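Please have a look at the structure first, and then we can walk through the details together.

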Amino acid sequence: MKDITYAAPKTLADATAYLNDKGDRARILAGGTDIIVQVREGRRDIDALVDIKHINEVNELTCDAKGLTIGAAVPCCLIYENQAIAKAYSGLIDAVSLIGGIQIQSRASLGGNLCNASPAADGIPVLIALEGVCDIAGPKGTRSVPVEQFCIAPGKTVLGRGEFLVRFRFPPPKKQAGAAYLRFIPRNEMDIAVVGAGVSVQLDARAKCTAARIALAAVAPTPLLVAEAGAALVGTALDGPALAKAATLAQAAAKPISDMRGNADYRRHLVGVLVKRALAVAIERAKS
Amino acid sequence: MTKKLHITCTVNGQTAEFLCEPRNSLLEALRDELKLTGAKEGCNNGNCGACNVILDGRLVNSCLVMAAEVDGLKVTTIEGIASKDGLHPLQKCFLEGAALQCGICTPGFILAAKALLDKNPHPTEHDARHFLAGNLCRCTGYDKIIRAVLEAAEAKQ
């Protein structure tokens, strides 16, 4: 690896000051599973890695009646081992359990998955489906951005000079709600999604849908919230025709490219299949 | 040249100190500074698992950890797996079952299998294959490896 500086600030203020000084010559180190490889292979030219794991706020993990907070550096393994999260936000567990292998899950964070801003990121669709909000620290204080607005292009985010992601916040757990993430890969493990679908549904006492969100990965330059697909489910009994309509709207919103993982038509087909299947899982969870 | 960092950590139960450059990975520090060459460099990008070590109780790819990060942490490498009474059951079962060909992947597989058995002492074949999906054997000797892991789980009971 090229010569770099390693910085390990202990406070948000120290980190933002350092990042503001270095600009795009510095990059955050949380789990390191993307950034270390990118720097080593010369795909990202930086002068400094800023290890944020000594800052308390980025390690926070709380799940209670008030909601869920996940610090930006919390590794996947701590999320899927947390019984309260598994119970109240089970869709999230789908995603963190299939990012990389066990070794990657020991280190990789959802914060890093979002900031890496891959269109195919497995962590992002369900963060969007669960109405996650990003808290960002910067030289001028903190601001909040919904997850679906965070990525602006492949590898590019809304983070400005001196800013970094501190945590995700999610609304309180809801009764009769469920979420799920499914992806398609041509093997069983350890691959990049050809398409990913993260969904959430909320039911009322008569099992009618009162709210739904559908988000997609690997079918656009950024992870995609398809608001109209979720809206089409509201007021329905989530029966076959309703799911088919949502799936069709999701397919219409997808703007996939053709590459070695699959061509655009195939990806669009997969969007329909995965949206319906993910909704079925989310509905099952909402009813149980 | 960048100033070297002085790192103090615990390696295989003993305090270890070393100097490293900020750009060094934990794998480089283990092999080049501490002369613990059991962890292997396979892909050096987190795909193969040959460099696996246990860091504060978690299985990690040491090529994807910066050496500077381990100050104050506990590292277990393949050199720390056997006890003074002899080989670890996993090591015995790998040997007896000939679960290695060229051997480059073996230290990583044994660390990964140890992490599996520490968490799940009675894995099914599916559990073992799933858990070890992050370790690659280019000689493709997976069946013998899985059998050795399952035998070690039985032997430990």
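Setting aside neighbours within four places in sequence, A246(A) is in contact with I214(A), A229(A), A232(A), L233(A), V275(A) and L279(A); two residues are in contact if their C-beta atoms, placed from the backbone, lie within 7 Å. This is a predicted model, in which local features need pLDDT of at least 70 and side-chain atom pairs count only at pLDDT 80 or more, while totals for chains, interfaces and linings use all residues. Residues are numbered from 1 along each chain as its sequence is written, and chains are lettered from A and ligands numbered from 1 in the order in which they are written.

**The nonpolar core**
- A246(A) is also among the residues with the most contacts inside the largest nonpolar core, together with V195(A), V199(A), V201(A), L216(A), A250(A) and V275(A).
- That core has 154 residues, where a nonpolar core is a set of buried Ala, Val, Leu, Ile, Met, Phe, Trp, Tyr and Cys residues joined through C-beta atoms within 7 Å.
- Helix α11 (residues 264-287) of chain A supplies the largest share of this core, nine residues.

**Chain A as a whole**
- Chain A holds eleven helices and 14 strands; helices (H or I, at least four residues) and strands (E, at least two) are DSSP runs, numbered from the N terminus.
- With a radius of gyration of 19 Å, close to the 19 Å that the globule rule gives for 288 residues, chain A is as compact as a globular protein of that length; the radius is taken over C-alpha atoms, and the rule is 2.2 Å times the number of residues to the power 0.38.
- The C-alpha trace of chain A spans about 55 × 45 × 35 Å along its principal axes.
- Of the 288 residues in chain A, 51% are buried, meaning that 20 or more other C-beta atoms, placed from the backbone, lie within 10 Å of a residue's own.
- Among contacts in chain A with a separation of 6 or more, 63% join residues 24 or more positions apart.

**Where the chains meet**
- The contact takes 23 residues from chain A and 21 residues from chain B.
- On the chain B side, strand β4 (residues 58-61) gives the most, with four residues.
- That side divides into eleven nonpolar, seven polar and three charged residues; Ala, Val, Leu, Ile, Met, Phe, Trp, Tyr, Cys and Pro count as nonpolar, Asp, Glu, Lys and Arg as charged, and the others, Gly among them, as polar.

Methods
Buried ≥ 20, exposed ≤ 12 C-beta atoms within 10 Å, placed from the backbone.
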